[in-house]
Amino acid sequence: MGSVAAGGVGGMVDQELVERVAAELDLPAEAVAATVALLGEGGTAPFLARYRRERTGGLNERQIRAVDRCCREHHALARRKAKILRQLEGRDGLPAGLRERIEGCADRFELEDLYQPHRPRGRTPGALARDRGLEPLADALVHPPPDVPAS
């Protein structure tokens with residue numbers, strides 16, 4: 001299992017992410033920041049729990065794994081938000097106030113609920129056939145002219 005990236009340039013840790021994770025997991029922010037940095041350097045949860053205990057603020061392996069998982073979820077949510085915003089801006093523009101609501105989403109379920117009404121609709125095979133000009137042929141097959149004998 002790979003570890004979470006530190007979230008910034010040169011090993012800098014995103015303070016907003018650290019505060020969110022610390023609040024979610026009810027852990028000290030300093031311990032979370034140090035753990036995220038160590039995970040970003042390639043440390044594993046068992047290694048950090050055993051040999052970097054003083055730097056992680058005494059977090060155990062379960063807590064370190066929880067920090068890693070939580071950071072991954074936040075990074076995935078941020079990527080999904082960015083992708084949705086790009087898609088909406090590229091198609092028909094963002095409806096008023098939707099950008100702020102999307103950026104303020106705290107979990108992926110809320111984000112997907114906001115995006116659902118704006119999601120592009122799939123094309124049915126019938127709609128694709130109509131677009132290709134096959135509707136007259138389909139009508140002729142379903143309702144043959146009266147002078148054509150039925151087979």
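The structure is a predicted model, in which local features need pLDDT of at least 70 and side-chain atom pairs count only at pLDDT 80 or more, while totals for chains, interfaces and linings use all residues. Residues are numbered from 1 along each chain as its sequence is written, and side-chain values use heavy atoms, with hydrogens and water left out.

The secondary structure of the chain consists of eight helices and zero strands, helices being DSSP runs of H or I of at least four residues and strands runs of E of at least two, numbered from the N terminus. Of the 151 residues in the chain, 27% are buried, a term that stands for under 20% relative accessible area, with exposed over 50% and partly exposed in between (1.4 Å probe, protein chains only). Among contacts between residues at least 6 apart in sequence, 54% join residues at least 24 apart, a contact being heavy atoms within 4.5 Å.

The helix α1 spans residues 15-25, and its buried residues are L17, V18, V21 and A22. Seen down the axis of α1, these buried residues fall within an arc of 130°, so they line one face of the helix; the arc is that of the directions from the helix axis to the C-beta atoms. An α-helix has 3.6 residues a turn, so residues three or four places apart point the same way. The buried residues of α1 pack against α2 (29-40) and α4. At the N-terminal end, α1 is capped by D14, a side-chain oxygen of which lies 3.3 Å from the backbone nitrogen of E16. After α1 comes D26, placed in the loop between α1 and α2; its phi is near 55°, a positive value in a residue other than glycine, and D26 is exposed, at 70% relative accessibility.

In the loop between α3 (45-51) and α4 lies T56, which is buried, with a relative accessible area of 0%. A polar atom of the side chain of T56 lies 3.3 Å from the backbone oxygen of R53. Residues up to four places away in sequence not counted, T56 touches A31, T35, L38, L48 and I64.

The largest pocket has a volume of about 230 Å³ and the second largest pocket one of about 180 Å³. On a 1 Å grid over the protein atoms alone, a pocket is an open set of points where a 1.4 Å probe fits, with protein on both sides within 12 Å along at least five of seven lines, and lining residues have an atom within 4 Å of a point; grid points are joined across faces, edges and corners, and a volume is the space filled by probe spheres set on the points. The lining of the largest pocket is formed by D14, E16, L17, R20, H74, H75, L77, A78, K81 and E103, comprising three nonpolar, two polar and five charged residues. To this lining α4 (61-91) and α1 each supply at least two residues, the largest share, five residues, coming from α4. In the second largest pocket, lined by E24, C70, E73, H74, A76, L77, A106, D107 and R108, the largest share of the lining, five residues, likewise comes from α4.

Note on methods: Nonpolar A, V, L, I, M, F, W, Y, C, P; charged D, E, K, R; others polar. Polar contact = N/O pair within 3.5 Å; in protein donor to acceptor, adjacent residues only side chain to side chain.
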